[in-house]
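Open the model in your viewer and keep the selection tool at hand. The tour goes from one selection to the next and says what is there.

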Amino acid sequence: MKISLKSIPHIASKISIDLNKSGVVTMTKGLEPVAHEAEKILTHNVHQEMALEDKAGDICDDNEEEIEFMLADERQLFFMIKKKLAPEFGVILNYEERYSDIAHKILDELYEEDLIHFEVTENRIKNIIYNGITSFIADASEIDDAVMDKIRTYKKRYIPGTDEFDILYEKLYHEELLKRGME
């Protein structure tokens with residue numbers, strides 16, 4: 001599953017909490033700087049993929065007539081273009097490999113910025129970060145379902161996409177994260 005810009009602060013927070021709870025990491029400056037560095041790396045990665053998708057979309061748009069003439073599947077063509085351009089944009093398309101790479105980059109940055117100290121192998125720390133990312137993503141759809149179910153119980157009808165809906169959604173999402181110990 002893709003990481004959205006909206007979920008990045010929550011994932012970064014989960015990473016810092018998981019590292020702190022692990023018992024194998026000492027945080028030199030607290031949770032916030034760790035979450036901030038993780039957030040920067042995650043945001044950069046998502047922006048790389050967005051740029052890649054924009055380029056692939058532009059190529060599809062530029063060749064729209066030809067695609068229609070050939071009766072090609074535009075989604076499949078889009079993915080093939082994305083796959084071809086991915087190395088140029090520094091994007092790993094396999095999510096397992098991608099999250100492992102991101103976890104390694106976060107670990108490197110935390111170590112270089114002297115935000116964490118540890119006496120175990122780097123791989124163990126990287127796995128804590130990786131598991132923080134993947135477990136959040138796995139829980140995200142469950143959390144989203146719980147929030148939407150809660151919104152549906154309200155007497156007032158909230159329309160998705162409105163400011164009022166977005167504010168309520170964020171509030172309930174944050175509450176659900178707190179309830180699950182993820183923030």
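Helices here are DSSP runs (H or I, at least four residues), as strands are (E, at least two), and both are numbered from the N terminus. This is a predicted model, in which local features need pLDDT of at least 70 and side-chain atom pairs count only at pLDDT 80 or more, while totals for chains, interfaces and linings use all residues. Residues are numbered from 1 along each chain as its sequence is written, and side-chain values use heavy atoms, with hydrogens and water left out.

**Stop 1: rings in helix H7**

Select Tyr169 and Tyr173. Both belong to helix H7, where they sit 4 residues apart, about one turn of the helix. Rings of Phe, Tyr and Trp (its six-membered ring) pair if their centres lie within 6.5 Å; planes under 30 degrees apart count as stacked, over 60 as edge-to-face and the rest as tilted. How far apart are the ring centres of Tyr169 and Tyr173? The centres are 5.7 Å apart and the planes meet at 25 degrees, so this pair is stacked.

Ring pairs link Phe165, Tyr169 and Tyr173 into a cluster.

Next, colour by accessibility. Buried means under 20% relative accessible area, exposed means over 50%, and partly exposed lies in between (1.4 Å probe, protein chains only). Tyr169 counts as buried because its relative accessibility is 8%. Tyr173 is also buried, at 7%.

**Stop 2**

A salt bridge is a side-chain nitrogen of Lys or Arg within 4 Å of a carboxyl oxygen of Asp or Glu. The side chains of Glu176 and Lys179 form one, with 3.5 Å from N to O.

**Stop 2: the salt-bridge network**

A search of the whole structure finds 11 salt bridges.

Zoom in on Lys82 and Glu53. Their closest N and O atoms are 2.8 Å apart, in a salt bridge. This pair links distant parts of the chain, with Lys82 in helix H4 (residues 74-89) and Glu53 in helix H2 (residues 31-62), 29 residues apart. Both Lys82 and Glu53 are buried.

**Stop 3: the largest cavity**

Rolling a probe the size of a water molecule over the atoms shows where empty space is left. On a 1 Å grid over the protein atoms alone, a cavity is a set of points where a 1.4 Å probe fits but cannot get out, and a pocket is an open set with protein on both sides within 12 Å along at least five of seven lines; lining residues have an atom within 4 Å of a point. Grid points are joined across faces, edges and corners, and a volume is the space filled by probe spheres set on the points.

Select Ile3, Asn45, Val46, Glu49, Arg98 and Tyr99, which line the largest cavity. About 30 Å³ of space lies inside this cavity. Which helix gives the most to the lining? H2 does, with 3 residues. Helix H5 (95-112) also supplies at least two residues.

**Stop 4**

Tyr95 counts as partly exposed, at 27% relative accessibility, while Tyr99 is buried, at 5%.

**Stop 5: the largest pocket**

Select Met1, Ser4, Ser7, Ala140 and Tyr173. These lie nearest the centre of the largest pocket, which is lined by 16 residues. Helix H1 (8-21), helix H6 (122-152) and helix H7 (163-179) are the elements that give two or more residues to the lining. The largest share, 5 residues, comes from H6. The pocket holds about 190 Å³ of space.

Colour the lining by residue type. Ala, Val, Leu, Ile, Met, Phe, Trp, Tyr, Cys and Pro count as nonpolar, Asp, Glu, Lys and Arg as charged, and the others, Gly among them, as polar. The pocket lining divides into 8 nonpolar, 4 polar and 4 charged residues.

**Stop 7**

End on helix H1 with Lys14 and Asp18, which are 4 residues apart, about one turn of the helix. Their side chains meet in a salt bridge of 3.0 Å, N to O. Lys14 is buried, with a relative accessible area of 11%.
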